[in-house]
Amino acid sequence: MTHPDFRSGFVCFVGRPNTGKSTLTNALVGSKIAITSSRPQTTRHTIRGIVHRDHAQLILVDTPGLHRPRTLLGQRLNDLVRDTYSEVDAIGMCFPADEKIGPGDRWILEQLRHVAPKTPVIGIVTKIDKVGKQQVAAQLMAVSKLLGDNSDVVPVSATSGEQVEVLVDVLASHMEPGPAFYPDGELTDEPEETLMAELIREAALEGLGDELPHSLAVVIEEIVEREGRTEKQGPMLDVHAFLYVERPSQKGIVIGKGGARLREVGTAARTQIEKLLGVKVYLDLHVKVAKDWQRDPKQLGRLGF
Ligand SMILES: Nc1nc2c(ncn2[C@@H]2O[C@H](COP(=O)(O)OP(=O)(O)OP(=O)(O)O)[C@@H](O)[C@H]2O)c(=O)[nH]1
């Protein structure tokens, strides 16, 4: 039976890098589909996670962080982000409880109000487990002041789960009444290939510094089902992927001494991909130098941007 006041619609989270957008997406969806990382700007693709509740369905569009474009890739990302803003029913803007509101936040809000003046912006004070109640209250007031008195502001912790359902309810109240867009149980409509590439990219960036994130792209070349597997063994997929870097020095970083690092990356990514697909996977990774791929439209097209 469908709830009499069922609502459904699209939501995107915005905010400065590291404000907890990906972690919140995961907490709401309850499955690892968006990529989190302690480094800024690792979320490249528009990944949709779907939140199913009795009274609502929220489709989360996880956008890359808005930033001032320096390269062609940056420009394309920003175009993508702008389109997303005007198409969604609500924008959740994230402000960590433990960081002061700054010029970066004001700049993002200005952009939002400019490109999508009609889309409601809901303030989300994230990471409330990191600070005391008083600091949460002070941040709620500051965000309220920034967004305007009529705006909803919700405190939440994606890590502890505190207030997550309250956030769902507040977001749902901004959705249109109507049936669900997606059948129950469907978590993402992103092709599995993209998710695999994201998981490999995440594993390859783990523990590295700030420079590499912009210079690493992953392309899945081929996925083939291994033949001759017995029923007891179960199915197995051979996945062949290329990791593209910009410079030979970066290739060395990704591969590591004697290939040690790449092997670790492969193991970490394989484990995640097996979890995602529920089958055994053999992962074959190759690192290639594609010079200045961020500035070359042909290469960008090939890499899916
Ligand atoms: N303690 C605590 N840490 C959090 C919470 N949410 C996120 N974090 C941490 O904050 C860091 C950034 O989180 P992300 O979810 O990757 O942030 P993001 O806004 O998606 O970052 P970008 O993809 O760089 O824009 C990670 O190290 C998270 O583990 C939370 O509720 N509590």
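**Working through a sheet and its helices**

The model is predicted, so to speak of local features a pLDDT of at least 70 is needed, side-chain atom pairs count only at pLDDT 80 or more, and totals for chains, interfaces and linings use all residues. Residues are numbered from 1 along each chain as its sequence is written.

**Exercise 1.** Find out how strand S9 is joined to S10, and in what order the strands of the sheet lie.

*Solution.* Strands are DSSP runs of E with at least two residues, and helices are runs of H or I with at least four, numbered from the N terminus. Two strands pair if DSSP finds at least two bridges between them. Strand S9 (residues 236-245) has 10 bridges to S10, and the two run parallel. Next, the order: this open sheet of three strands reads S8-S9-S10, with mixed pairing. Its edge strands, S8 (217-225) and S10 (280-289), each pair on one side only.

**Exercise 2.** Work out how helices H6 and H8 are placed against each other.

*Solution.* Take the axes, which are lines fitted to C-alpha atoms, for helices over the stretch in contact; angles run from 0 to 180 degrees between N-to-C directions. The axes of H6 (residues 192-205) and H8 come within 8 Å and cross at roughly 150°. Angles over 145 degrees count as roughly antiparallel, so that is what H6 and H8 are. Now the contact (C-beta atoms, placed from the backbone, within 7 Å): among its residues are Leu195 and Leu199 of H6 and Ala269 and Ile273 of H8.

Terms used: Parallel < 35°, antiparallel > 145°, perpendicular 65-115°, else oblique. Contact = placed C-beta atoms within 7 Å.
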